[in-house]
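Visitor: I would like to learn how to read a two-chain model of this kind. Please take one feature at a time.

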Amino acid sequence: MSALESPRAEGATMEGYNFAYLDEATKRMIRRAILKAVAIPGHQIPFGAREMPLPYGWGTGGIQVTASILGPADTLKVIDQGSDDTTNAISIRRFFRRVAGVATTEHTAEASVIQTRHRIPERTLREDQIMVYQVPQPEPLFRLEPRRAETKRLHALADYGLMHVRLYEDIARLGHIAKAYDYPVMVNGRYLMSPSPIPAFDNPKMHRMAALQLFGAGREKRIYAIPPYTEVRSLDFEDHPFRPIRAPHACALCRSTDTYLDEVITDDAGGRMFVCSDTDFCAERQAATAQEAAE
Amino acid sequence: MTMLTAGFADPVLDAQATFRAVLEAVSRPGRIQRAGGALNPPAPLNQAAAAVLLTLADADTPLWLDGGSAAEAWLRFHCGAPVVAQPGAAAFALATGMPPALAALAQGTEEEPQGGATLVLQVSDLAEGEGWHLTGPGIEHEHRLRVTGAPEGFLSAWVANRAGFPCGVDVVLCAGDRLTALPRTVMIAEG
Ligand SMILES: [Zn+2]
């Protein structure tokens with residue numbers, strides 16, 4: 001890892017790199033992009049992404065956003081598919097402990113900044129929390145219109161007919177919209193936005209969320225945002241309203257019937273069960289149930 | 001040449017704290033944040049405006065300002081931002097007196113509305129819970145904000161600014177070491 005130098009980076013810390021790894025000029029550039037992203041909800045803002053000491057696919061966009069907002073008073077939680085324990089989540093937490101000295105946690109309630117890949121925590125988020133999403137492909141129209149100049153024009157015109165046609169084709173063919181992940185949303189009634197590859201089940205949590213939501217795409221070099229209490233609507237049709245889907249089971253561990261479940265293989269004989277994808281929520285619910293039983 | 005007062009005591013951590021104050025202000029328009037309380041910038045620059053520019057302005061952001069030579073020298077030295085004569089050429093405009101018309105500042109384009117300028121506007125006082133009624137993204141129901149010393153005709157200029165969305169100007173209001181923000185999405189009704 002080499003230190004990034006800037007004429008204004010007077011605050012270089014231990015081990016030769018700046019606080020939170022990025023040099024101050026890069027942070028200023030990313031911070032300016034974040035502020036404009038909040039002022040124009042759902043609009044993608046290009047930024048000069050930096051090489052990070054983790055490969056693309058490990059959330060380098062989210063990491064750069066987190067590095068630009070994080071301060072010593074923050075407590076960071078990192079989740080990957082709802083879990084705090086994957087290699088990816090552990091690496092990112094360790095990275096920020098080392099380069100920013102911040103406290104980390106696995107508990108949603110204790111976190112001030114939550115960096116996530118592919119889930120929104122089940123627990124309702126608060127005003128004093130910030131969500132940072134890792135985004136592989138920020139452009140919701142990418143599969144329908146690969147030319148970047150053309151998608152920019154469509155966003156400028158708010159012309160989202162292509163996406164409506166794509167979803168309606170699903171309904172005509174299958175009787176329902178087939179998209180279970182990365183289900184497109186309209187933000188504040190103006191911009192079509194990719195919510196990142198979260199399950200469609202999580203989309204309603206974005207609507208009027210109390211927490212600020214920031215999105216970073218490293219490879220595609222885009223930042224976008226949803227301010228708190230902002231309208232976020234999953235695209236749908238009057239005769240086919242959006243329905244968040246979950247497996248029709250109770251969690252095998254905490255018995256929850258309203259959380260997003262993962263199907264896990266339990267043995268070599270093909271045994272399987274459904275458990276909460278949000279491991280922190282599931283553990284807290286199990287503890288609460290055990291507590292009640294003891295009383 | 002007089003001696004320049006210092007910038008941030010800790011350039012990295014003070015910029016981070018100021019950025020979070022501005023981020024919070026833009027995310028929750030009308031809520032008042034604190035920044036720059038330890039700074040001693042030359043008059044007429046106030047602490048919050050000085051902190052905002054130290055945090056966000058640099059060689060990549062053309063700066064327009066009306067604050068006179070001492071403020072200009074201070075910002076040039078600490079930020080390294082190129083000072084421009086035309087408000088419309090600025091990424092950041094600092095107004096310590098009557099600001100340029102919002103419509104005279106960079107608006108961005110339909111494809112790149114992020115090119116709209118940020119106006120750092122010094123006012124004499126800010127108070128929550130009274131005055132203007134703010135609604136829009138970032139606001140659950142309504143925020144109240146009293147701005148003492150807002151420029152004449154600001155609210156009608158704001159209506160026009162909002163009408164140009166997604167293009168437009170974002171404003172950071174600064175009084176002493178206190179600040180709040182008016183992103184281009186916010187609706188303001190007279191209190
Ligand atoms: Zn569970």
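Visitor: What covers the buried residues of H4(A)?

Guide: This is a predicted model, in which local features need pLDDT of at least 70, side-chain atom pairs count only at pLDDT 80 or more, and totals for chains, interfaces and linings use all residues. Residues are numbered from 1 along each chain as its sequence is written, chains are lettered from A and ligands numbered from 1 in the order in which they are written, and side-chain values use heavy atoms, with hydrogens and water left out. Helices (H or I, at least four residues) and strands (E, at least two) are DSSP runs, numbered from the N terminus. Buried means under 20% relative accessible area, exposed over 50%, and partly exposed in between, with a 1.4 Å probe and protein chains only. In H4(A), residues 148-157, the buried residues are A:Thr151, A:Leu154, A:His155 and A:Ala156. Their cover includes helix H5 (161-174) and E7 of chain A. After H4(A) comes A:Ala158, which has a positive phi near 50 degrees.

Visitor: How many residues of H2(A) are buried?

Guide: An α-helix has 3.6 residues a turn, so residues three or four places apart point the same way. In helix H2 (residues 60-69) of chain A, ten of its ten residues are buried. Among them are A:Thr60, A:Gly61, A:Gly62 and A:Ile63.

Visitor: At what angle do H1(A) and H2(A) pack?

Guide: Axes are lines fitted to C-alpha atoms, for helices over the stretch in contact, and angles run from 0 to 180 degrees between N-to-C directions. Helix H1 (residues 24-39) of chain A packs on H2(A) at about 100 degrees, with the axes 9 Å apart. Angles under 35 degrees count as roughly parallel, over 145 as roughly antiparallel, 65 to 115 as roughly perpendicular and the rest as oblique. H1(A) and H2(A) are therefore roughly perpendicular to each other. Contact means heavy atoms within 4.5 Å. On the H1(A) side A:Lys27, A:Ile30, A:Arg31 and A:Ile34 meet A:Gln64, A:Val65, A:Ala67, A:Ser68 and A:Ile69 of H2(A). By class this contact has five nonpolar, two polar and two charged residues; Ala, Val, Leu, Ile, Met, Phe, Trp, Tyr, Cys and Pro count as nonpolar, Asp, Glu, Lys and Arg as charged, and the others, Gly among them, as polar.

Visitor: Which residues make the contact of H1(B) and H2(B)?

Guide: The axes of helix H1 (residues 11-27) and helix H2 (residues 47-56) of chain B come within 9 Å and cross at roughly 110 degrees. H1(B) contributes B:Ala15, B:Thr18, B:Phe19 and B:Val22, and H2(B) contributes B:Ala51, B:Val52, B:Thr55 and B:Leu56. Six of these residues are nonpolar, two polar and none charged.

Visitor: Is E7(B) enclosed or open, and why?

Guide: All six of the six residues of strand E7 (residues 170-175) of chain B are buried, so E7(B) is largely enclosed by the rest of the structure. B:Asp170, B:Val172 and B:Cys174 point one way, B:Val171, B:Leu173 and B:Ala175 the other. Strand E4 (residues 118-122) of chain B runs parallel to E7(B), joined by five bridges. Strand E8 (residues 178-182) of chain B pairs with E7(B) in the antiparallel sense, also over five bridges. In the hairpin of E7(B) and E8(B), B:Gly176 takes a positive phi near 60 degrees.

Visitor: How much area do chain B and chain A bury between them?

Guide: Buried area is the accessible area (1.4 Å probe) that two parts lose on being put together, summed over both. Chain B and chain A bury about 3,400 Å², 58% of it on carbon and sulfur atoms. The contact takes 41 residues from chain B and 44 residues from chain A.

Notes. Two strands pair if DSSP finds at least two bridges between them.
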